[in-house]
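Please consult the sequence and the structure shown here while reading.

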Amino acid sequence: MSRAYRISASESTQRHVVVEDGVCTALEMLEVLPQESMCELLAAELEKRGFKREGDTAKRVDKDGVEITVNLKDGAVNVRLAAERKIDVKVDRSALVAEETQDAQARLQEETRRAMEKQVDQRTEKARQEVTARLEKKLKELQSELDQVSNRVTAEALKVKAKQLGDIEEITEDANGSMTIKVRT
Amino acid sequence: MRARVAASEHAILTVARAMVGETTAEAVEPILRASRDLPPAMGPTASALLRETLSRGVVLCLARRGGWRNERHLAARDGDAPGKKVVEGRLWERHATLPPLAFSEATVLLIRWMVETPLGIPEKLLSVGKLTLADEVAFYLGCDLLVRTGFGRAIAPAAALGKSSLAWLGFPEELRGEKRAGSLPAAMRFAPLLAPGASAILEALQSDLAARWTEMERGKRSVVQCARMEEIGATQSAVLDAFLSACDAAGRRDLAGFVVEAAARILPGPVPAAMWTRGLEKTSALRERAAARRASGAFLRSLARLRAWSEEHRTTAFFDDGYEAAQLLLARWERFGDAGWARAEAVLRDLDSLQDREAEGANA
């Protein structure tokens, strides 16, 4: 009668992973004034909203960890969220074999190691999906804020331009964001 | 009079007939699906029949696909300034002489490849030399047949189909296939197709090309993988950039008419941006989805150049040389018009924005 042998293998790991996600967009701004002036107006508006200027960029990190970076020269916006996760995985496998050989043990060990790596990948991906979901929730309010920034900067630029054309008699702005500037030339 | 040919030759002739529209795509689907060992050469009867099928069939095919239409186009030849005068009529009325169509061995190799390779699992490579104008048409019709019979996936692995500029113009997403973009091939040089004489082919295929690009755009809603969408977008951008530049250089902006026609079909009214991105996998990273969404707007982005041309045509004065041509193009593109350009921009704004409104709606 043939015998069957039970062999077993175990693999475990502890990993520290960083998962992140992000998107890029651009502020829609009319070039009412030369680029340098538009750049300064943009920097000023962003500073009012908690951004810190670092050379040609302005950066803000919100309480939820979302990092927003704006390039003052071209209006490119980069939004990023990263998170760290500690992943602990342990996988045990056993198998019945006809002969208890080193080869059989090595194969089982390799299979166990692959299963462990697969679980690590799955948990990393799950962590990444959580980061993506958090970032997506943030984007709606962020888009609205960026639209306001574009509008404010354009409005300020128009006021500066109007001053260059003549004496400003009156400026009216309504709740919808439209602005009328009367200039005496 | 009946002719006798071998079974393998009959298969070759049937595929050739299907390419030129003398038999249905359904009739050749079993031939394309099966694999077959072909003898190295055809007999004289079959060769003569193949010559006749291709020479008459391609001409008839071009006539049927659009050459029969009574249209107005920019003149191919006008002394030193092509593209200034307007000519009207059917294809053979607009062109005093049409270019001779001489098929090379490349066309025969293409048809043989389609017959002997089981196109459901296209492992066999197709290798050809330089293409003539007639070969360009044959390769275009070959790609068309493969797409209509459901074997579009066989196009990219064939490699040699990528030598045809006309095939790139009609089937860019199939030619690129699933492969990641490297630099795009030299075959995307459209100037030879826009030369006087050769441009008659593009005139005949305007309707075809409009239908193809419409289908391509609508097909984007079924694209699942973000990387694939980026690939399609990059290929479309490269093809349209090269083609529109060639049209401009050759003074044949009228031959870009199919782009506007396709845009008019895709955007008959306001269309949500989700039409392009609905199928993208929702679990992929936001970065990948954002890049895919931007890439999906490649065709619409190319309309900006046509819009700029349209603005230029509007400012062409009646005493300018190109006034007649400008008026022709304005009239032809009027169907799309300012409202159309605005609709395209609205979709692009949405595709470029931070938010994926489709995903947001799904998660709500």
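What is the accessible surface of chain B, and what share of it belongs to carbon and sulfur atoms? The accessible surface of chain B comes to about 16100 Å², and 53% of this belongs to carbon and sulfur atoms; accessible areas are from the Shrake-Rupley method with a 1.4 Å probe, and for residues only the protein chains shown count as cover. The model is predicted, with local features needing pLDDT of at least 70 and side-chain atom pairs counting only at pLDDT 80 or more, while totals for chains, interfaces and linings use all residues. Residues are numbered from 1 along each chain as its sequence is written, chains are lettered from A and ligands numbered from 1 in the order in which they are written, and side-chain values use heavy atoms, with hydrogens and water left out.

**Chain B**

Chain B has 19 helices and 2 strands, taken as DSSP runs numbered from the N terminus (helices H or I, at least four residues; strands E, at least two). Its radius of gyration is 22 Å, close to the 21 Å that the globule rule gives for 364 residues, so chain B is as compact as a globular protein of that length. That radius is taken over C-alpha atoms, and the globule rule is 2.2 Å times the number of residues to the power 0.38. Along the principal axes, the C-alpha atoms of chain B fill a box of roughly 65 × 60 × 30 Å. Of the 364 residues, 54% are buried (under 20% relative accessible area; exposed is over 50%, partly exposed in between; 1.4 Å probe, protein chains only).

On the surface, B:W68, B:W92 and B:L98 form a nonpolar patch with about 320 Å² of accessible area together. Patches consist of residues with over 30% relative accessible area and no salt bridge, with nonpolar side chains (Val, Leu, Ile, Met, Phe, Trp, Tyr) joined within 5 Å and like charges within 9 Å. B:W92 belongs to helix α4 (residues 91-94) of chain B and, at 45% relative accessibility, counts as partly exposed.

**The contact between chains A and B**

The contact (heavy atoms within 4.5 Å) takes 19 residues from chain A and 16 residues from chain B. Between them the chains bury about 1400 Å², 51% of it on carbon and sulfur atoms; buried area is the accessible area (1.4 Å probe) that two parts lose on being put together, summed over both. In chain A, A:V23, A:E136 and A:Q143 lose the most area to chain B, together 31% of what that side buries. The interface holds 2 salt bridges, a salt bridge being a side-chain nitrogen of Lys or Arg within 4 Å of a carboxyl oxygen of Asp or Glu. A:E136 also pairs with B:R289 in a salt bridge.

**Salt bridges**

Side chains of opposite charge can pair when their charged atoms come close.

| Pair | N to O distance |
|---|---|
| A:E136 and B:R289 | 2.8 Å |
| A:R85 and A:E130 | 3.1 Å |
| A:K138 and A:D64 | 3.2 Å |
| B:R314 and B:E311 | 3.8 Å |

A:R85 lies in strand β5 (residues 76-97) and A:E130 in helix α2 of chain A, so this pair ties together parts 45 residues apart in sequence. A:K138 is buried at 7% relative accessibility, whereas A:D64 is partly exposed at 35%. B:R314 and B:E311 both lie in helix α16 (residues 298-314) of chain B, 3 residues apart, about one turn of the helix.
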